[in-house]
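Reader: Hi! I'm new to this one, could you walk me through it?
Author: Happy to, let's have a look together.

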Amino acid sequence: MSKKQQIPNTQLSGRNVYTDKKKRIIYYDSLTKQGYVIEKKNEGKILFFQNRLVIILFAAILCAGTFLNWMQATLAGVALFAVVELYYRAAFFKKLEVVTDMDFGRRLTPLQSIVARKSREKVLALIVLWAVFAVLVLVNAYMEQYSLGLMVFSVGLAIMGLYFCVLHIVALTRMK
């Protein structure tokens, strides 16, 4: 990585996170077609909103496994998603500064972020944890004798775990 492409000190990365010529961190919302300046104090909230679907999905799965049936958990998940999305679109974006001169040339990828921000020990631990997650999801699905739909979902989660495992392996090989 050249010195011109320095990664800003942020925990954000992904397909919607960019930097501009002024070295500001910009979050681009494809629905509103606008970029928003992300200050350090808002990074945690943006990180939550970037992962809102996964977080709500896991919450619904936990609810289904503990005290709700699958239909109630699905309805609770959809209602929670609607509330979070409404807050995200109607209230949170209003607090952020809109960028008028958006530069799409410098996207912050997860790989760049991992290489720049994490130590080798953390990356090794994440490799092991993602691999264990992928295996345990499949073992759990087999042991619980899930239906075909849940089995396919479990395979999807395992593939996601393997993807993140491979992403961290590639990041480890690129670390200096």
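Author: What follows is a short chat about the helices, their packing and some aromatic rings.

Reader: Before we start, what should I know about the model?
Author: This is a predicted model, where local features need pLDDT of at least 70, side-chain atom pairs count only at pLDDT 80 or more, and totals for chains, interfaces and linings use all residues. Residues are numbered from 1 along each chain as its sequence is written, and side-chain values use heavy atoms, with hydrogens and water left out.

Reader: Thanks! How many helices and strands does the chain have?
Author: There are six helices and four strands. Both are DSSP runs numbered from the N terminus: helices are H or I with at least four residues, strands are E with at least two.

Reader: And which pattern does the chain follow along the sequence?
Author: It reads β-β-β-α-α-α-β-α-α-α.

Reader: What share of the residues counts as buried?
Author: Of the 176 residues, 33% are buried. Buried means under 20% relative accessible area, exposed means over 50%, and partly exposed is in between, using a 1.4 Å probe and protein chains only.

Reader: Let's do helix packing. How are two packed helices described?
Author: By the angle between their axes and the distance between the axes. Here the axes are lines fitted to C-alpha atoms, for helices over the stretch in contact, and angles run from 0 to 180 degrees between N-to-C directions.

Reader: OK, at what angle do helix 2 and helix 3 cross?
Author: Helix 2 (residues 52-66) and helix 3 (residues 70-92) cross at roughly 155 degrees, and their axes come within 9 Å. That makes helix 2 roughly antiparallel to helix 3. As for the cut-offs, angles under 35 degrees count as roughly parallel, over 145 as roughly antiparallel, 65 to 115 as roughly perpendicular and the rest as oblique.

Reader: Is that crossing left-handed or right-handed?
Author: The crossing of helix 2 and helix 3 is right-handed. A crossing is right-handed if the near helix is turned clockwise from the far one by less than a right angle, and left-handed if anticlockwise.

Reader: Which residues make the contact?
Author: Among them are Leu 53, Ile 56 and Cys 63 of helix 2, and Trp 70, Leu 80 and Phe 81 of helix 3. Contact means heavy atoms within 4.5 Å. By class, this contact has eleven nonpolar, one polar and three charged residues. Ala, Val, Leu, Ile, Met, Phe, Trp, Tyr, Cys and Pro count as nonpolar, Asp, Glu, Lys and Arg as charged, and the others, Gly among them, as polar.

Reader: What about helix 1 and helix 3, at what angle do they pack?
Author: Helix 1 (residues 43-50) packs against helix 3 at about 140 degrees, with the axes 11 Å apart. That makes helix 1 oblique to helix 3. Their crossing is left-handed.

Reader: And helix 4 with helix 6?
Author: Helix 4 (residues 110-117) and helix 6 (residues 148-174) pack at about 50 degrees, with axes 9 Å apart. That makes helix 4 oblique to helix 6. Pro 110, Leu 111, Ile 114 and Val 115 in helix 4 meet Leu 167, His 168, Val 170, Ala 171 and Arg 174 in helix 6.

Reader: Is His 168 buried or exposed?
Author: His 168 counts as buried, at 5% relative accessibility. Leaving aside neighbours within four places in sequence, His 168 is in contact with Ile 114, Val 123, Leu 126, Ile 127 and Trp 130.

Reader: Switching topic: how many aromatic pairs are there?
Author: A search of the whole structure finds eleven. Rings of Phe, Tyr and Trp (its six-membered ring) pair if their centres lie within 6.5 Å; planes under 30 degrees apart count as stacked, over 60 as edge-to-face and the rest as tilted.

Reader: Where do Trp 130 and Phe 133 lie?
Author: Both lie in helix 5 (residues 120-143), three residues apart, about one turn of the helix. Trp 130 is partly exposed, with a relative accessible area of 23%.

Reader: How are the rings of Trp 130 and Phe 164 arranged?
Author: Their centres are 4.8 Å apart and their planes are at 25 degrees, so the pair is stacked. This pair links distant parts of the chain, with Trp 130 in helix 5 and Phe 164 in helix 6, 34 residues apart.

Reader: Which residues form the aromatic cluster?
Author: Tyr 27, Tyr 36, Phe 48, Phe 49, Tyr 87, Tyr 88, Phe 92 and Phe 93 form one cluster.
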